[in-house]
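Open the structure in your viewer and keep the selection panel handy. We will start with one working definition and then go from the core to the whole chain.

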Amino acid sequence: MLTRSDFLSLNFVKKEDFTGSHQGMRFLLRCETVEDEKKLKVFLWGEPYGFDATPEEQKISSLFSFDEEGLHQAIDWMNVHYEEVRSY
């Protein structure tokens with residue numbers, strides 16, 4: 001199960017994509033601008049390949065507010081979809 005301590009600050013994500021993995025599930029956090037508002041976009045996919053080498057149909061994604069509350073919601077979302085993503 002992922003927790004807040006597994007992630008860097010959102011200041012890092014403002015400048016660089018943050019990638020990681022957890023027991024067969026890979027993830028990428030990215031800052032995106034949607035309608036002039038910063039959003040946290042999270043992608044999930046199963047191992048073994050990296051983001052660019054994984055087909056789009058094997059990834060899922062969702063948008064969250066770009067703040068601590070949004071990051072906590074994103075972590076909860078990742079934990080909910082953990083088993084689904086690993087099965088790809």
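A nonpolar core here is a set of buried Ala, Val, Leu, Ile, Met, Phe, Trp, Tyr and Cys residues joined through side-chain atoms within 4.5 Å; buried means under 20% relative accessible area with a 1.4 Å probe, protein chains only. The model is predicted, so local features need pLDDT of at least 70 and side-chain atom pairs count only at pLDDT 80 or more, while totals for chains, interfaces and linings use all residues. Residues are numbered from 1 along each chain as its sequence is written, and side-chain values use heavy atoms, leaving out hydrogens and water.

**Stop 1: the core.** Select Phe-7, Phe-27, Leu-29, Leu-40, Val-42, Leu-44 and Met-78: they have the most contacts inside the largest nonpolar core, which has 21 residues. Now colour α1 (10-15), β2 (25-34), β3 (37-46), β4 (60-65), α2 (68-80) and α3 (82-86), each of which supplies at least two residues of this core. α2 gives the most, with five residues. In soluble globular proteins, nonpolar side chains tend to be buried together.

**Stop 2: Leu-40.** Which residues does Leu-40 touch? Leaving aside residues up to four places away in sequence, its contacts (heavy atoms within 4.5 Å) include Leu-10, Val-13, Leu-29, Phe-64 and Ala-74.

**Stop 3: the whole chain.** Switch to cartoon and follow the pattern α-β-β-β-β-α-α along the sequence; helices (H or I, at least four residues) and strands (E, at least two) are DSSP runs, numbered from the N terminus. Of the 88 residues, 39% count as buried. The C-alpha trace spans about 35 × 25 × 20 Å along its principal axes.

Terms used. Buried means under 20% relative accessible area, exposed over 50%, partly exposed in between (1.4 Å probe, protein chains only).
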